[in-house]
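Please look over the model shown here.

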Amino acid sequence: MGSTTTQTQTQTITAENVIRLFPDVDTHLATSHRVPTGDNDLQGYDEEQIRLMEEVCIVLDENDVPIGSASKKVCTCDANPFSRALLLTAFSVFLFDSKNRLLLQQRASEKITFPGMWTNTCCSHPLGVPGETGDELEAAVQGVRRAAQRKLEQELGIQAKGVPLDQFRFLTRIHYKAPSDGQWGEHEIDYILFIKADVDHTRNANEVQDTRYVSEVELKTMFTDDRLKFTPWFKLICESMLFEWWEHLDQGLEEYIGESKIRRML
């Protein structure tokens, strides 16, 4: 398995530090966080994408323990120095068909963060709602599986019956940080989920600009095309682990499943 480098945080991420630096964080999980009408940070963006900024994200300490919740807007806005950005739960789904091709998506130009970039099948966040949260690793994994079902349907029209919860295989968590531009960015503990299924999909044009199935060779060729842009988390996973996992998709993947440590890629 590919090696990763762990770097020391400039400031430990604790509940006390987060509440002090980010007063907008609710110390309880909430069902919604309204984004104020006329919010200057969101002027000029797509109306549906602005609405999605009200979704409740789960705020974490550096050990993946939930602290509370905040709107997606608060969690991804880079108004503060990026080294202090909130840490939140995320997931990345890698869906393979029966030919072991990986389904990629190109993020829509309407997206507020990383618009137009190619990435894995589906990337998003579990929400502060019943069924998608959990303090312990096993419960958190089950929560991101439910969130993955929800987002696969919302972004790609993939029905839950085609991607059963028990078919999502949890591999590991990566802790990464990446700016999107001068205003927005991501700081996440990302749960990596694999699933193998032949599915019908219909993209939601407000979320997904394009899709394609690729083999390992085809994906590596895409990376040599300077015209294509890729999300930072997808590049990290590809450069460190993806191709080794891919080779063991049908035999030997069990060796890599359920890793308890957090891979720090900062």
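The points below describe the structure by topic.

This is a predicted model, in which local features need pLDDT of at least 70 and side-chain atom pairs count only at pLDDT 80 or more, while totals for chains, interfaces and linings use all residues. Residues are numbered from 1 along each chain as its sequence is written, and side-chain values use heavy atoms, with hydrogens and water left out.

**Overall make-up**
- The protein has six helices and 10 strands; these are DSSP runs numbered from the N terminus (helices: H or I, at least four residues; strands: E, at least two).
- Of the 266 residues in the protein, 52% are buried (buried is under 20% relative accessible area, exposed over 50%, partly exposed in between, with a 1.4 Å probe and protein chains only).
- Among contacts (heavy atoms within 4.5 Å) with a separation of 6 or more, 73% join residues 24 or more positions apart.

**Helices α5 and α6**
- Helix α5 (residues 216-223) packs with helix α6 (residues 232-247) at an angle of about 160 degrees, and their axes are 12 Å apart; axes are lines fitted to C-alpha atoms, for helices over the stretch in contact, and angles run from 0 to 180 degrees between N-to-C directions.
- The two helices α5 and α6 are therefore roughly antiparallel (angles over 145 degrees; under 35 is roughly parallel, 65 to 115 roughly perpendicular, the rest oblique).
- On the α5 side, the contact is made by Glu216, Leu219, Lys220 and Phe223; on the α6 side, by Phe234, Lys235, Cys238, Leu242, Phe243, Trp246 and Glu247.
- Seven residues of this contact are nonpolar, none polar and four charged (nonpolar: Ala, Val, Leu, Ile, Met, Phe, Trp, Tyr, Cys and Pro; charged: Asp, Glu, Lys and Arg; polar: the others, Gly among them).

**Cysteines**
- The whole structure contains zero disulfides (pairs of cysteine sulfur atoms within 2.5 Å).
- For cysteine 122, the nearest cysteine sulfur is that of cysteine 123, 6.4 Å away.
- Cysteine 122 is buried at 0% relative accessibility, and cysteine 238 is buried at 6%.

**Positive phi**
- Most residues other than glycine have a negative phi.
- Aspartate 64 has a positive phi of about 70 degrees; this residue sits in the loop between β1 (56-60) and β2 (66-71) and is buried at 7% relative accessibility.
- Phenylalanine 114 has a positive phi of about 55 degrees; its place is the loop between β4 (102-107) and β5 (118-119), and it is buried at 1%.

**Arginine 263**
- Arginine 263 lies in strand β10 (residues 262-265) and is buried at 5% relative accessibility.
- Arginine 263 and isoleucine 189 are 74 residues apart in sequence and 8.9 Å apart in space, C-alpha to C-alpha.
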